[in-house]
Amino acid sequence: MAKLHITTSINGEATEFLCEPHETLLDVLRNDLQMTGTKEGCGSGDCGACSVTVDGRLTCACLVLGVEAAGREIGTIEGIGSSDKLSVIQEKFLEHAALQCGICTPGLVVSTQALLEQNPNPTEAEARYFLAGNLCRCTGYDKIIRAVLDAAATMRGAA
Amino acid sequence: MAVVDYNAPQSVQEAVALLSGSDIKTKVMAGGTDLIIQSKSQAVEPLRVVDLKHIAEMMSYSLDDGGLSLGPCMCCAEFTALHDVETLYPGLVEAAYLIGSTQVQGRASIGGNLCNSSPAADTIPALIAIGAKCLIVGAGGERTVAVEDFVTGVGRNCMQPGELLQRILVARPAPGSRDAYLRFIPRTEMDIAVAGAGVSVTLDSQGVCTAARIAIGAVAQTALLVASAADALVGTKLDEASVAKAAAVASAAASPITDRRGTIEFRRHIVGVLVKRATLIAKERAQASL
């Protein structure tokens with residue numbers, strides 16, 4: 001099957017890749033572009049481990065075909081913070097020990113960033129509803145929500 | 001189904017042309033939250049995809065004196081943030097808000113929910129309650145079908161090969177006319193309806209109900225418009241007795257199945273409860289709009 005040549009932008013960088021029509025954006029990120037920060041959990045849009053943004057809108061990379069990235073702006077965990085300087089959200093996840101195995105963490109950080117861009121001052125209930133599509137089987141969510149609300153407060157203070 | 005061919009037409013005409021003229025099974029894609037998963041689960045059959053999201057009119061809406069004209073592929077996250085639509089059709093917006101997670105809402109659309117034609121689809125009873133119509137286009141031209149007649153069975157609808165859903169049309173509700181949608185799930189979010197109810201009521205200045213529509217979901221092979229339940233409301237002030245009667249008629253009209261989400265008995269009971277509560281919410285909204 002002929003591969004398709006796709007031109008896109010990932011975390012603000014012009015990117016090209018070849019993919020087959022059936023490959024998802026998740027397949028492309030992990031297998032073709034070696035951007036393995038985006039995790040594969042369920043592969044069916046239920047767990048949120050592969051949360052990314054497409055033109056700024058939060059979605060699951062497993063629910064997007066790779067070819068659909070053409071001309072879009074894709075945002076992944078690799079675009080948040082750096083090895084030298086973590087983002088506030090990442091720092092707060094560490095500070096509150098809001099992770100154990102870590103598989104859900106990149107997706108949660110991406111989703112939390114989307115939440116706080118949309119709503120810088122969420123209530124606990126709003127944060128829980130917004131993040132309900134990010135499943136974590138380790139923490140029981142309490143520490144995650146504390147980290148999210150603390151990050152929100154810190155970012156509001158810093159703004 | 002394995003996607004072997006991807007097409008992103010720029011116009012409805014181009015999309016319609018793509019739908020015919022191939023030996024490979026062809027499906028239209030809106031958000032893809034159902035289609036991509038289905039294509040992965042049955043990976044043998046080749047599938048040709050026609051992605052409608054590059055067609056501007058599929059992604060847009062207009063709201064004027066004539067009512068709502070909705071591009072069926074607009075994602076639910078965008079739709080639920082339309083405050084002008086929410087003011088007039090709060091029930092449809094709350095149904096769209098219930099579909100999946102934030103991530104799923106970033107892709108999933110009302111048109112996709114309708115065309116996937118699941119018995120448990122949240123937006124279908126909500127659309128029926130407000131009398132929504134589907135504008136369908138194909139090589140032979142356009143036709144309009146009421147949503148209650150659109151879905152014909154589990155995962156089946158009235159669209160013929162080569163046709164696609166071009167627009168969802170809803171008349172503008174008069175002051176005194178508003179809708180509500182409720183569903184039951186055993187948790188607080190991220191689940192599929194065990195039962196659902198969409199209700200719209202129209203009140204006159206005296207608070208008397210002059211028109212009503214009641215639709216129930218996940219309790220039959222398709223969402224059902226229960227005209228006899230709505231009849232129990234017309235001419236009343238939506239007092240407790242008449243609302244209870246409408247609920248009982250709706251319960252009786254249900255023909256649910258038992259599955260892991262709920263039993264026949266539970267679904268039949270709970271759909272009546274939902275009709276009652278949704279009616280009271282719609283009543284309150286209708287009063288506030290007068």
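Residues are numbered from 1 along each chain as its sequence is written, and chains are lettered from A and ligands numbered from 1 in the order in which they are written. Because the model is predicted, local features need pLDDT of at least 70 and side-chain atom pairs count only at pLDDT 80 or more, while totals for chains, interfaces and linings use all residues.

**View 1. Domains 2 and 3 of chain B in contact.** Chain B is assigned domain 1 (2–52), domain 2 (61–170) and domain 3 (177–289); such bounds come from an automatic or database domain assignment. The centres of domain 2 and domain 3 of chain B, taken over C-alpha atoms, are separated by 19 Å. Between these domains, 25 residues of domain 2 of chain B are in contact with 26 residues of domain 3 of chain B, contact being defined by C-beta atoms, placed from the backbone, that lie within 7 Å. On the side of domain 2, at least two residues each are supplied by α5 (90–97), α8 (123–129) and β8 (151–153) of chain B. Helices (H or I, at least four residues) and strands (E, at least two) are DSSP runs, numbered from the N terminus. This side of domain 2 holds 16 nonpolar, six polar and three charged residues. Here Ala, Val, Leu, Ile, Met, Phe, Trp, Tyr, Cys and Pro count as nonpolar, Asp, Glu, Lys and Arg as charged, and the others, Gly among them, as polar.

**View 2. The open sheet β11-β12-β13-β14 of chain B.** The four strands are paired in the antiparallel sense; two strands pair if DSSP finds at least two bridges between them. β11 (177–184) and β14 (224–225) of chain B are at the edges with a single partner strand each, so one side of each has no neighbour in the sheet. Two bridges link β13 (residues 209–217) of chain B with β14(B), and I216(B) has L224(B) as its bridge partner.

**View 3. Helices packed on the sheet of chain B.** α5(B) lies across β11 and β12 (195–203) of chain B and runs at about 25° to β11(B). Helix α12 (residues 264–289) of chain B touches β11, β12 and β13 of chain B, and its direction makes about 30° with that of β12(B). Axes are lines fitted to C-alpha atoms, for helices over the stretch in contact, and angles run from 0 to 180 degrees between N-to-C directions. V275(B) touches residues including A197(B), V199(B), I214(B) and I216(B), not counting residues up to four places away in sequence.

**View 4. Parallel strands in chain B.** Strand β1 (residues 2–7) of chain B pairs with strand β3 (residues 46–51) of chain B over five bridges, with A2(B) opposite P46(B). Strand β2 (residues 25–29) of chain B is also joined to β3(B) by five bridges, again running parallel; V28(B) has V50(B) as its bridge partner.

**View 5. The contact between chain A and chain B.** Chain B contributes 20 residues and chain A contributes 21 residues. On the side of chain B, β1, α2 (35–41) and α6 (102–105) each supply at least two residues, and β1(B) gives the largest share, five residues. This side of chain B has nine nonpolar, seven polar and four charged residues.

**View 6. The two domains of chain A.** Chain A is divided into domain 1 (4–79) and domain 2 (88–158), whose C-alpha centres lie 22 Å apart. Their contact takes 13 residues from domain 1 of chain A and eleven residues from domain 2 of chain A.

Key
Contact = placed C-beta atoms within 7 Å.
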